[in-house]
Amino acid sequence: QARSADVTAFELAIKGLNGGHSGMDIILGRANANKLLFRLLKVLVKKCGVEVATINGGSLRNAIPREAFALITVPSTKLSSMEKHIQAFFAETKAELALVEPEYKVNTTSAKLPKEVMTKSSITKLINLIYGLPNGVIRMSDSIHGLVETSTNMAIVKADKGVAEISCLLRSSVDSAKADLVEAMDSVIRLAGAKGEFTGGYPGWKPNPSSPILKTMQATYKTLYKTTPKITAIHAGLECGLLGGVYPNLDMISFGPTISSPHSPDEKVNIASVQKFWDFLVATLAAVPKK
């Protein structure tokens, strides 16, 4: 619809979050920029008559969103009220996130007036949908202490030219748990009068502590490095899940060089660990029983 008269336009921004890998880092409780943006928009739409023209939150389907932006208009008579509500919101959420998101900030900058904004009905439905959709850790693993079993990340939210799209990445090492999460999210989507499509799924890969190749590699590692390796599982998409879906009886293991902060601007690989990985691989192949 056409925007209201006598309004001022702003770009509202959530910035400075850590983001990270939507699987491995989901357990860290880092803030989701899309969730924060819509938490603030719910207040501003209700209390200050704010209208929303566009939304641009997140950029990668497998990353926790670090930033989210909204082009908004506010009645000139509500400028002071909007500023107070933003300050109160920031103080409240900054206190909540003080330990995990120390660089978090909320910015408003002047913007060019848009010709059109979302209808009140549309933005209300979108806000309620964003609020209602789950985000973060859904269930921890029963078999491995400290491992996330099932999660979802609201990776991308975009609204422009009459269309709003939300992209979430669901993960689980248990296929039935992921299917249940799909149904839960589909229920919320239907209640909001929206349409959902679930695509690009891949099978989970449940950890097998009794794996023969695991035992071989444990022994090989101890021989090479004179220490017992630490065995862990990660909450992330791996090729092993795809292979296991086709060859369910295949014995598999995943290992590699040390990587930190994947899917973020801070991503890096430990160079020395690459040589160690290669030596370990060669020794493992030599130790695998020949059939």
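Q: Over the ring of which residue does the charged end of K42 sit?
A: In this predicted model, K42 is placed in helix α1 (residues 33-48). Leaving aside residues up to four places away in sequence, K42 touches I127, N128 and Y131. The charged end of K42 is 4.7 Å from the centre of a ring, and that ring belongs to Y131.

Q: Is K42 buried, partly exposed or exposed?
A: The class follows from relative accessible area, with buried under 20% and exposed over 50%. K42 has a relative accessibility of 34%, so K42 counts as partly exposed.

Q: Which helix holds N128, and how does N128 count by accessibility?
A: N128 is one of the residues that K42 touches. The helix that holds N128 is α3, residues 120-132. Its relative accessibility is 40%, which lies between the cut-offs of 20% and 50%, so N128 counts as partly exposed.

Q: How far apart in space are K42 and L285, C-alpha to C-alpha?
A: The C-alpha trace of the protein chain spans about 80 × 35 × 30 Å along its principal axes. K42 and L285 are 243 residues apart in sequence, and their C-alpha atoms are separated in space by 57 Å.

Q: What is the distance in space between N128 and A272, C-alpha to C-alpha?
A: N128 lies in helix α3. In sequence, N128 and A272 are 144 residues apart; in space, the C-alpha to C-alpha distance is 49 Å.

Q: Is the ring pair of F255 and F277 stacked, edge-to-face or tilted?
A: The search of the whole structure finds five aromatic pairs. For F255 and F277, the ring centres are 5.1 Å apart and the planes stand at 50 degrees. Stacked needs under 30 degrees and edge-to-face over 60, so this pair is tilted.

Q: How many residues apart in sequence are the parts that the pair of F255 and F277 ties together?
A: F255 is in the loop between α6 (239-246) and β10 (259-260), whereas F277 is in helix α7 (residues 271-287). The pair therefore ties together parts whose separation in sequence is 22 residues.

Q: What is the phi of K161 near, and how does K161 count by accessibility?
A: Most residues other than glycine have a negative phi. K161 has a positive value, near 55 degrees, and its place is in the loop between β8 (148-160) and β9 (163-172). With 79% relative accessibility, K161 counts as exposed.

Q: Where is D6, and is D6 buried or exposed?
A: D6 has a positive phi, near 55 degrees. Its place is in the segment before β1 (7-15). The relative accessible area of D6 is 57%, so D6 is exposed.

Note on methods. Residues numbered from 1 in each chain as written. Predicted model: local features only at pLDDT ≥ 70, side-chain atom pairs only at ≥ 80, totals over all residues. Heavy atoms only, no water. Phe/Tyr/Trp six-rings, centres within 6.5 Å; stacked < 30°, edge-to-face > 60°. Helix = DSSP H or I, 4+ residues; strand = E, 2+ residues; numbered from the N terminus. Lys NZ or Arg CZ within 6 Å of the ring centre and 35° of its normal. Buried < 20%, exposed > 50% of the residue type's maximum accessible area, 1.4 Å probe, protein only. Contact = heavy atoms within 4.5 Å.
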